[in-house]
Amino acid sequence: GHTLRDLNVLENHGDGKYVFGTHFYILSNKAGNRSALIQTAHPYLENINEKTRLSAFLGLRSDRRAMLIDKVDSAYGVKVSAEIGMQMPILAGAGIKAMLCQLPDEEIDEILSRTELKRFTPYSITDKTKYKTEILNVRTQGIAYDREEYIEGMVAFGVPIKACVKGVQAAIWAVGLTRQVSNSSVSEVKELLKGISEEINCRLH
């Protein structure tokens, strides 16, 4: 398979650090053009969708950008309008928290100091200290949970995935309507995603 660098999604800046390439090529679904990360993760996205009926996503962040690189849409509920190759807000959603939790504390502080926390919904966290606490909780708990913080009426779960490339963090997240996820099923979805995160991280290393 091709690496993300071959696909021109990541550019090597010579210091061993990769940043997103200027051309955000949509990653082709042809097996030959898929990175090891996408190849490994895709069946798990399908598994999440099958078991939870939620839409499942895989994304990357590097430096000041975050991007959606694979997804499996849910056939139930609403279709989340997010296309592969789409750039994502750097401080919004469960997937982003699952990426940020992989960074050292000082890097998290640096990102927070230069980025404004937007109020996407009445439930969005706009206090930077609280937001950092949330990220640190994801690090200890292994999962991010977002109830209407980014999109009203939507719930999301995110887990960290090790991208195996210096300076790049990945995550898988599942999104659906709040009414699709009863309070009693929240812990089931969390356990499913945490198990998947561990399996993928084992397989990629």
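How many cavities of 30 Å³ or more does the structure hold? The structure, a predicted model in which local features need pLDDT of at least 70 and side-chain atom pairs count only at pLDDT 80 or more, while totals for chains, interfaces and linings use all residues, holds two. Residues are numbered from 1 along each chain as its sequence is written, and side-chain values use heavy atoms, with hydrogens and water left out.

View 1. The largest cavity has a volume of about 90 Å³, a cavity being a set of points on a 1 Å grid over the protein atoms alone where a 1.4 Å probe fits but cannot get out. Of its 13 lining residues (an atom within 4 Å of a point), L91, A92, S124, Y131 and E149 are the closest to the centre. Seven nonpolar, two polar and four charged residues make up this lining.

**View 2. The crossing of helices α3 and α4.** The axes of α3 (residues 105-114) and α4, lines fitted to C-alpha atoms over the stretch in contact, come within 11 Å and cross at roughly 145°. In their contact (heavy atoms within 4.5 Å), D105, I108, D109, L112 and S113 of α3 meet K128, Y131, K132, I135, L136 and R139 of α4.

**View 3. Confidence along the chain.** The mean pLDDT, the predictor's confidence from 0 to 100, is lowest among the elements in strand β2 (residues 18-20), at 46, and highest in helix α4 (residues 128-141), at 96. Where pLDDT is low, predicted coordinates should not be read in detail.

Definitions and conventions:
On a 1 Å grid over the protein atoms alone, a cavity is a set of points where a 1.4 Å probe fits but cannot get out, and a pocket is an open set with protein on both sides within 12 Å along at least five of seven lines; lining residues have an atom within 4 Å of a point. Grid points are joined across faces, edges and corners, and a volume is the space filled by probe spheres set on the points. Ala, Val, Leu, Ile, Met, Phe, Trp, Tyr, Cys and Pro count as nonpolar, Asp, Glu, Lys and Arg as charged, and the others, Gly among them, as polar. Helices (H or I, at least four residues) and strands (E, at least two) are DSSP runs, numbered from the N terminus. Axes are lines fitted to C-alpha atoms, for helices over the stretch in contact, and angles run from 0 to 180 degrees between N-to-C directions.
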